Amino acid sequence: MAVNDKVVVVGGASGIGAALVSRLIADDTEVTVLDRAESSHGTHHIKVDLRDRAAIDGALSELADQDVDGVAYVAGLPGTWPDKDVLAVNFLAMRHLLEGIVPRIRGGGAVVVVASTAGGAWQSRTTALEGLLSTPSFEAGLDWAGGYDGAAYPMYSTSKEASIIFAKRWAYPLWTQHGIRINTVSPGPVETPILGDFEQSMGKAALDGVRTVVGRHGTVEDIAPVLSAVLSADFGWVTGQDIQADGGFTAAYASGAISF
């Protein structure tokens with residue numbers, strides 16, 4: 001971002017979000033952090049429980065008098081949480097909050113959403129997720145989750161697939177009507193405090209296998225610079241893209257360079 005830009009980081013109190021906040025502040029960017037946990041970073045902190053639509057609306061009200069240049073949605077819950085909570089935080093809150101904040105993003109601004117390589121099957125899942133994607137509200141999305149069979153297909157993957165599809169579909173009207181870009185960044189396994197939750201929900205052997213292929217797990221310092229770059233004017237002609245930040249695992253698997 002440029003000096004004196006204003007950015008909102010949702011989920012900026014820990015992990016990748018906190019690393020991004022530190023990086024933005026070092027670049028003289030004014031940062032507002034939205035998180036249920038207190039943040040030691042940022043020039044302003046708004047406490048919000050992203051499972052609660054009313055709380056999100058309250059946070060939007062606190063931002064009502066601010067124009068911003070960028071929004072980074074980094075918040076997320078692993079699959080060890082209840083399915084409704086996972087969908088609420090990873091997708092529904094993201095959609096509701098971004099739709100509410102767009103009028104306050106200046107032309108030329110940008111949005112970046114942290115998705116996941118666990119959402120990499122999004123192209124084959126668009127039909128299955130159409131019901132979710134077409135829900136008209138946060139509450140309707142929770143109702144959709146009430147009939148979901150998480151044992152048949154992980155809600156975490158569903159939430160990230162939906163996030164990628166939503167961003168891709170929204171990219172065109174955001175750009176043509178408002179001059180705002182939106183992209184997703186999909187990390188592979190990252191060394192954060194919730195890595196153990198991912199090992200539990202996805203299988204430690206599977207994550208260890210990814211680490212074996214690429215040599216190590218990612219770190220927050222691998223991901224935060226990507227988010228910062230995607231928000232910046234240097235990426236001013238890039239929108240609607242999902243950028244894998246996974247040490248090349250997805251590319252190797254998709255191209256047949258490795259089997260897994």
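Start by selecting helix 7 (195-202) and helix 8 (204-214): they pack at an angle of about 115°, with their axes 6 Å apart. Helices here are DSSP runs of H or I with at least four residues, strands are runs of E with at least two, and both are numbered from the N terminus. Axes are lines fitted to C-alpha atoms, for helices over the stretch in contact, and angles run from 0 to 180 degrees between N-to-C directions. Helix 7 is therefore roughly perpendicular to helix 8 (the class for 65 to 115 degrees; under 35 is roughly parallel, over 145 roughly antiparallel and the rest oblique).

Now show the side chains. Helix 7 brings Leu 195, Phe 198, Glu 199 and Met 202 to the contact, and helix 8 brings Lys 204, Ala 206, Leu 207 and Asp 208 (contact means heavy atoms within 4.5 Å). Five of these residues are nonpolar, none polar and three charged. Nonpolar covers Ala, Val, Leu, Ile, Met, Phe, Trp, Tyr, Cys and Pro; charged covers Asp, Glu, Lys and Arg; the others, Gly among them, are polar.

A word on the model: it is predicted, with local features needing pLDDT of at least 70 and side-chain atom pairs pLDDT 80 or more, while totals for chains, interfaces and linings use all residues. Residues are numbered from 1 along each chain as its sequence is written, and side-chain values use heavy atoms, leaving out hydrogens and water.

Zoom in on strand 1 (residues 6-10), joined to strand 2 by five bridges; Val 9 stands opposite Val 33 in strand 2.

A pocket is an open set of points on a 1 Å grid over the protein atoms alone, where a 1.4 Å probe fits, with protein on both sides within 12 Å along at least five of seven lines; lining residues have an atom within 4 Å of a point. Of its 49 lining residues, select Ala 115, Tyr 156, Lys 160, Ile 194 and Phe 198, the closest to its centre. Its lining divides into 31 nonpolar, eleven polar and seven charged residues.

The second largest pocket holds about 280 Å³. Among its 16 lining residues, Ala 118, Pro 154, Tyr 156, Ser 157 and Met 202 lie nearest the centre.

Conventions
Points joined across faces, edges and corners; volume = space filled by probe spheres on them. Pairing = 2+ DSSP bridges.
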